[in-house]
Amino acid sequence: MELTDTQKAIIETVRDFVEREVVPVAEELEHKDEFPERIYEGMKEMGLFGLTVPEEYGGVGESLMTYALTVVELARGWMSLSGILNTHFMGCYLINKFGTDEQKQKHLPRMATGEVRAALAMSEPEAGSDVQAIRTKAIRDGDDYVVNGQKMWLTNGLRSGIVMTLVKTDPEADPPHRGMSMLIVEKEPGATKPAPGLDCGKNIEKMGYKGIETIEMTFSDFRTPASSLLGSEEGRGFRQVLDAIEVGRVNVSARAVGVATRAFEEAIRYSQERKAFGKPISQHQAIQIHLAEMGTTLEAAKLMLYSAAAKKSSGERSDLEAGMSKLFASEACHEIVLKSLRVHGGYGYSKEFTIERLYRDAPFLLIGEGTSEIQKTVIARRLLEKYKI
Ligand SMILES: Cc1cc2nc3c(=O)[nH]c(=O)nc-3n(C[C@H](O)[C@H](O)[C@H](O)COP(=O)(O)OP(=O)(O)OC[C@H]3O[C@@H](n4cnc5c(N)ncnc54)[C@H](O)[C@@H]3O)c2cc1C
């Protein structure tokens, strides 16, 4: 793939940073479920929070392709780092694409530096895949919206200063998506009760994807100014969020490629070090078959990622490619970490080996930004549209 000099410089800088600052400490921080303050500061210094924010708002103005390649490098070090970045990236994307001039001027410069970070509140206790089934309401009252409802699974929910919140401004609309809107909710980062009527619940303990908080959030007659509506018209929230999810899917593919790359690297090294029956296990055909399958699947996942990212970066419709890439890469990553674990034998089950962490991180990729089952329905719908007889 042809990369620009700027892209090459960014990727190289991130790769060096990951080798130096992340690889040596990731296991320890992950096992302690500790937020990586120092690494986060380093990510800010490298300008990663403004990577795709246009230069006029203080960002780097790079494409989705550059973002995806950056995410591959970060996730190769520790998947949670790409999580710190991603809801923020989606928030920047939403405000830049759909926000009014005032909203862009107000939020993007502070978001570009990482001074203010964004979370995305779409899912609810009773609604994940079925986005139109959300119940959180925002009803206009004078110059404010009054918000009531509960959100679930907010990655970066506590430390964020902006929460892109999907709500129903017209709960009776039929079909429901016509009554959905997105609010830019501002709050004090780190506060569990940042404003009257707004409550950041406890951190949800997870199997993997640790070091980054995932919380619930409750709105009880919470008031936010009417100017928090993303864009200037109600009823656009569903389309806006679907658009953001499309870029989010490219991000998940990139994470999957990063995690799978690391699992492959760990397996190919370990297989040459470990001896059984008088020779390195890499000389046993069964292990070679694992290595061959891992390497080949990884290569295919990378190519699908590059193709989906290139298409979206060029502004073309890419929901089909993004869905296929997300589906393939996340399933491939899951297979590759399992194969890598097999190659490690009993040591793969020990917390002292990296593969143990990768094995717990990978399943999230089968779920986030749309489950594999949902990807298949999206892909099939688009294929039937494309090849309609
Ligand atoms: C660690 C973590 C972080 C997250 N971060 C965020 C975040 O920051 N912001 C946010 O808004 N959300 C977040 N989520 C939520 C995530 O997006 C949802 O979990 C996901 O969309 C699936 O929704 P669900 O969990 O409600 O599953 P459900 O929708 O209840 O699905 C359960 C099962 O049914 C299947 N299913 C459902 N509908 C269909 C159908 N029509 N056809 C076939 N199968 C179907 C699903 O594939 C799945 O297997 C996060 C989740 C996790 C685990």
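What follows is a tour from the overall fold to single residues.

**The whole chain**

Keep in mind that this is a predicted model. Start with everything shown as a cartoon: you have eleven helices and nine strands to look at. The radius of gyration is 21 Å, close to the 21 Å that the globule rule gives for 389 residues, so the protein is as compact as a globular protein of that length. Colour by burial next, and 50% of the 389 residues come up as buried. If you draw contacts between residues at least 6 apart in sequence, 74% of them join residues at least 24 apart.

**Three domains**

Now colour by domain: 5-113 is domain 1, 118-234 is domain 2 and 239-386 is domain 3. The C-alpha centres of domain 1 and domain 3 lie 21 Å apart, and 22 residues of domain 1 are in contact with 23 residues of domain 3. To see the domain 1 side of that contact, select α2 (26-32), α4 (64-77) and α5 (79-98), the elements that give two or more residues to it. By type, this side of domain 1 has 13 nonpolar, four polar and five charged residues.

**The ligand**

Bring domain 2 back and centre on the ligand. Which two domains does the ligand lie between? Both domain 2 and domain 3 give residues to the shell around it, so the ligand lies between these two. There are 21 residues around the ligand, and those that come nearest are Met-122, Gly-128, Ser-129, Thr-371 and Glu-373. Colour the shell by type and you get nine nonpolar, nine polar and three charged residues.

**An enclosed helix**

Select 354-361, which is helix α10. Seven of its eight residues are buried, so α10 is largely enclosed by the rest of the structure. Show side chains for Thr-354, Ile-355, Glu-356, Arg-357, Leu-358, Tyr-359 and Asp-361, which are the buried ones. These buried residues pack against α2, α5, α7 (237-273) and α9 (319-344).

A bit of background before the next selection: in soluble globular proteins, nonpolar side chains tend to be buried together. Here the largest nonpolar core has 112 residues, and those touching the most other members are Ala-68, Ala-256, Val-259, Ala-260, Ala-301, Cys-333 and Val-337. Helix α7 gives the most to this core, with 16 residues. Zoom in on Val-337: leaving aside its neighbours within four places in sequence, Val-337 is in contact with Val-259, Ala-263, Ile-355, Leu-358, Tyr-359 and Ala-362.

Stay with α7 and pick Ala-267, which is found in that helix. Is Ala-267 buried or exposed? With 26 other C-beta atoms within 10 Å, Ala-267 is buried. Its contacts, not counting residues up to four places away in sequence, are Leu-291, Met-294, Lys-339, Ser-340 and Val-343. Try the distance tool on Ala-267 and Ala-329: they are 62 residues apart along the chain, and their C-alpha atoms are separated by 18 Å.

**A loop with two stops**

Go to the loop between β6 (198-203) and β7 (214-225), where Gly-208 lies. Gly-208 counts as partly exposed, with 18 C-beta neighbours inside 10 Å. Beyond four places in sequence, Gly-208 touches Arg-357, Arg-360, Asp-361 and Phe-364. Draw a line from Gly-208 to Met-79 too: the two are 129 residues apart in sequence and 9.4 Å apart in space, C-alpha to C-alpha.

Tyr-209 lies in this β6-β7 loop as well. Tyr-209 is buried, with 23 other C-beta atoms within 10 Å, and it has a positive phi of about 55° although it is not a glycine.

Glu-369 is found in the loop between α10 and α11. What is the phi of Glu-369? It is near 55°, a positive value in a residue other than glycine. Glu-369 is also buried, with 24 other C-beta atoms within 10 Å.

For the last stop, select Pro-175, in the loop between β4 (162-168) and β5 (180-186). The peptide bond leading from Asp-174 to Pro-175 is cis, with omega near -5°.

Technical notes. Residues are numbered from 1 along each chain as its sequence is written. This is a predicted model: local features need pLDDT of at least 70, side-chain atom pairs count only at pLDDT 80 or more; totals for chains, interfaces and linings use all residues. A residue is near a molecule or strand if its C-beta atom, placed from the backbone, lies within 6 Å of it. Ala, Val, Leu, Ile, Met, Phe, Trp, Tyr, Cys and Pro count as nonpolar, Asp, Glu, Lys and Arg as charged, and the others, Gly among them, as polar. Domain bounds come from an automatic or database domain assignment. Two residues are in contact if their C-beta atoms, placed from the backbone, lie within 7 Å. Helices (H or I, at least four residues) and strands (E, at least two) are DSSP runs, numbered from the N terminus. A residue is buried if 20 or more other C-beta atoms lie within 10 Å of its own, exposed if 12 or fewer, and partly exposed in between; C-beta atoms are placed from the backbone. A nonpolar core is a set of buried Ala, Val, Leu, Ile, Met, Phe, Trp, Tyr and Cys residues joined through C-beta atoms within 7 Å. The radius of gyration is taken over C-alpha atoms; the globule rule is 2.2 Å times the number of residues to the power 0.38.
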